[in-house]
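I opened a notebook on this structure. My entries follow in the order I looked things up.

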Amino acid sequence: MDEIKEKDKKYIMGTYGRYDLHIVSGKGALCRDEQGKSYIDLGSGIGVNSLGWCDEGWIKAVEAQLEKLQHSSNLYFTSPGALLAEALSARTGCKKVFFCNSGAEANEAAIKTARKYSFDKYGAGRHNVITLKKSFHGRTMATLTATAQESMHDFFFPFNAGFIYCEKDMDEIRAQKNVCAVMLEFIQGEGGVIPLDEEFVKELFKWCEQNDILFIADEVQTGVGRTGTFLCSEQYGIKPDITTLAKGLGGGLPIGAMLAGEKCEKTLGAGAHGSTFGGNPVVCAGANYVLSRIDEDMLKEVRRKGAALKASLEGIKGVKSVSGKGLMLGLELEKKKAADVVKECISRGVIPLTAKDRVRLLPPLVITNEQLEKAVSVLKEVIEG
Ligand SMILES: *Cc1c(COP(=O)(O)O)cnc(C)c1O
């Protein structure tokens, strides 16, 4: 075992079961380990490296900002954050953006906004947030509470009050009382790449509108082009009151964003919320560059590559079904265990992810056709072998 793996195991808290892979450098969808072996990336650092590793334009944008100003705090004005908020508003129609540093923080901001929106209008007591079974919303106490997966709730009691877990069932949802918001992922990512039914989403959205309940779309994984449209909500034909983004937004630097629509654009005022690092100029410069690259041509390519990838995966013997949209796909396997498939793929130079009992693919949006074809042939060998 190399020295770094030893130090990591000795000194870093064991919260991750790491694969036996030490990545030292990367370019596009390819990376190398410490021995110089090459790998095709089908994970993007869990949907983060949307432009792949070390994109040249992105490095330039980040470096240029780094040489001007690395941080100033939110007491003063800086330009990258203002430009990023403007770009996000132009892309999504949102009115206001709150910047933070991760998906969980973006969802925390959304939960706080929903609670205060309801308090301002209706007074105390209307504070419940409905989330869906198998959801994943983060690891902080509030977002972990929002995450409706029993397996993640061991040990950490007591949880925050005011969260209700529902099946994807309108009768069950309609029966809940004192609800201020519904929070959901259009495609449940960590839960196994499970897309929500369009009919259900539309009905739920209508119910929220009619009852002045905020509709919060957690697009931390599905957002920023991942599913073939800038936001996945576009494919469901709705405009959520709040959308949260993180993973792919910064191109590899830590950023979270809560996008608020008309209803709640003024809910959080001075002093109501904040983040020391939120809107950091270097990180926002990276995100501005990512947005400049994710244009209509790029989105069209994501849809085309996603459809081709899905079709070729469906042709693999031992794959029961392929779920997801764009370049966010999940493989349900007939016999093999997803974790074993991923381990075997890594040893053969391809890096997929898992999500529950599925193999999950989140390749960089810029992956080439050749790289995808090569990766599929390895997946095929491993799954059929
Ligand atoms: C990853 C993820 C989060 C949490 O993001 P962090 O940056 O790890 O806090 C929240 N929601 C969804 C849908 C995610 O995929």
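How many nonpolar, polar and charged residues does the shell around the ligand have? I found 3 nonpolar, 6 polar and 3 charged residues. Here Ala, Val, Leu, Ile, Met, Phe, Trp, Tyr, Cys and Pro count as nonpolar, Asp, Glu, Lys and Arg as charged, and the others, Gly among them, as polar.

**Ground rules.** I noted that this is a predicted model, where local features need pLDDT of at least 70, side-chain atom pairs count only at pLDDT 80 or more, and totals for chains, interfaces and linings use all residues. Numbering runs from 1 along each chain as its sequence is written, and side-chain values use heavy atoms, with hydrogens and water left out.

**Ligand.** I listed the residues that surround the ligand: S102, G103, A104, N107, F136, H137, G138, E185, D218, V220, Q221 and K247. Helices (H or I, at least four residues) and strands (E, at least two) are DSSP runs, numbered from the N terminus.

Next I looked up N and O distances. An oxygen atom of the ligand lies 2.8 Å from a backbone N or O atom of A104. A nitrogen atom of the ligand lies 2.7 Å from a polar side-chain atom of D218. The side chain of Q221 has an N or O atom 2.7 Å from an oxygen atom of the ligand. Taken alone, the ligand exposes 390 Å², and the protein buries 82% of that. Accessible areas come from the Shrake-Rupley method with a 1.4 Å probe; for residues, only the protein chains shown count as cover.

**Rings.** I found 5 aromatic pairs in the structure. Rings of Phe, Tyr and Trp (its six-membered ring) pair if their centres lie within 6.5 Å; planes under 30 degrees apart count as stacked, over 60 as edge-to-face and the rest as tilted. F155 and F156 are edge-to-face, because their planes stand at 85°, with ring centres 5.8 Å apart. F155 is exposed at 73% relative accessible area, and F156 is partly exposed at 43%. The cut-offs are under 20% for buried, over 50% for exposed, and partly exposed in between (1.4 Å probe, protein chains only).

F186 and F215 are stacked, at 6.3 Å centre to centre and 25° between the planes. This pair links distant parts of the chain, 29 residues apart: F186 is in the loop between β7 (179-184) and β8 (187-188), and F215 is in strand β10 (residues 214-218). Are F186 and F215 buried or exposed? F186 is buried at 0%, and F215 is buried at 0%. Ring pairs join F186, F205, F215 and Y236 into a cluster.

**Polar contacts.** I then turned to N101, in the loop between β4 (96-100) and α5. Its side chain makes a polar contact with the side chain of E105 (3.0 Å). The side chain of N101 also makes a polar contact with that of S275 (3.1 Å). A polar contact is a pair of N or O atoms within 3.5 Å; within protein, one must be able to donate a hydrogen and the other to accept it, and residues adjacent in sequence count only if both atoms are side-chain atoms.

My last stop was E344, in helix α12 (residues 338-347). E344 is partly exposed at 31%. A polar contact of 2.8 Å joins its side chain to that of R348.

Terms used
Near = heavy atom within 4 Å.
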